[in-house]
Amino acid sequence: MHVLNVMNPGAQTSFSTPKQIEAGVLNIGYVEQGRVDAPPVVLLHGWPYDIYSYADVAPLLASAGYRVIIPYLRGFGSTRFISDKTPRNGQQAALAVDTIALMDALRIDRAVVAGFDWGARTACIVAALWPQRCQALVSVSGYLIGSQQGGSLPLPPKLELQWWYQYYFTTERGRAGYEKYRRDFAKLIWSIASPKWVFTDETFDRSAAAFDNPDHVSIVIDNYRWRLGLSAGESKYDDLEKQLAAGPLISVPTITLEGDTNGAPHPEPSAYGAKFSGKYQHRTITGGVGHNLPQEAPQAFADAVLEVAASNA
């Protein structure tokens with residue numbers, strides 16, 4: 001196991017206006033850095049975060065010779081559903097299919113896929129179900145593929161307490177509360193999940209603008225209700241969810257990362273190492289790094305992407 005010290009985050013540069021492309025059921029907003037003909041890296045954000053988690057990671061990877069693509073997930077930023085009739089579905093398979101659809105739309109056959117939080121789960125699913133599309137994987141907090149059956153199993157009380165917001169979201173009061181206080185809610189989660197990260201109002205406000213998406217609340221609520229079996233999801237994803245429920249191994253080269261002060265619910269590295277059957281290593285990033293690892297420790301995250309990409313070039 002590697003234990004690395006975090007380097008100080010850089011200038012947290014801003015992004016240019018997102019590009020838009022129709023991909024599957026979405027018109028996806030994304031930012032891009034690096035040469036169009038360079039090897040691609042797809043970076044996936046989580047909740048309640050956005051593409052700015054990678055503001056410092058992107059130029060590091062682009063300067064190293066990679067094409068960096070950072071999409072807004074469904075329900076975030078400038079990503080929109082093409083049809084008003086499409087269910088505002090937040091289940092895990094839907095987000096993974098979105099990623100494959102984006103790669104198809106951009107004519108990317110194979111990419112390094114990396115992420116944290118929802119983005120790590122999505123990246124893991126892409127690597128597990130479409131290994132031919134995934135050159136390599138970087139996943140914060142490791143193997144996060146789940147199932148409704150697994151989500152129905154009770155946890156020890158201390159662990160259940162960490163999921164307080166998941167249970168809040170199962171109620172209509174929770175939905176209304178998140179709708180009304182989405183920015184206050186997000187700032188609270190940021191503080192709990194990264195207790196030693198001193199972020200500025202400017203940094204938070206830049207990301208919080210992504211939560212003004214008209215589908216944001218519906219997607220977030222559905223995501224957490226689906227995990228507990230309170231939302232059925234869409235039948236077109238049933239076959240994928242069946243495969244995911246079996247806990248498929250991930251065979252592509254992988255580096256998993258964990259911050260030493262991650263305050264969000266997360267498994268211990270010892271619990272998931274066996275899920276990676278290919279070239280694999282885990283790194284703990286020290287120095288008070290919390291849940292939003294790419295933004296708190298951009299150099300460490302970029303280094304992991306570069307190393308795992310080079311291992312399967």
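Aspartate 117 counts as buried, at 14% relative accessibility. Buried means under 20% relative accessible area, exposed over 50%, and partly exposed in between, with a 1.4 Å probe and protein chains only. The model is predicted: local features need pLDDT of at least 70, side-chain atom pairs count only at pLDDT 80 or more, and totals for chains, interfaces and linings use all residues. Residues are numbered from 1 along each chain as its sequence is written, and side-chain values use heavy atoms, with hydrogens and water left out.

Aspartate 117 sits in the loop between β7 and α3 (118-129). Helices (H or I, at least four residues) and strands (E, at least two) are DSSP runs, numbered from the N terminus. Its phi is positive, near 55°, and aspartate 117 is not a glycine. Arginine 107 also has a positive phi, about 60°, without being a glycine. Its loop runs between α2 (92-105) and β7 (111-115). Arginine 107 counts as exposed, because its relative accessibility is 76%.

| Residue | Phi | Relative accessibility |
|---|---|---|
| Arginine 107 | about 60° | 76% |
| Aspartate 117 | near 55° | 14% |

Another backbone feature is a peptide bond. Tryptophan 47 and proline 48 are joined in cis, with omega about -5°. Proline 48 lies in the loop between β4 (40-44) and α1 (57-63).

Now strand β10. Six of the seven residues of β10 (residues 280-286) are buried, so the strand is largely enclosed by the rest of the structure. β10 pairs with strand β9 (residues 254-259) in the parallel sense, over six bridges. Pairing requires at least two DSSP bridges between two strands. Glycine 259 has isoleucine 285 of β10 as its bridge partner.
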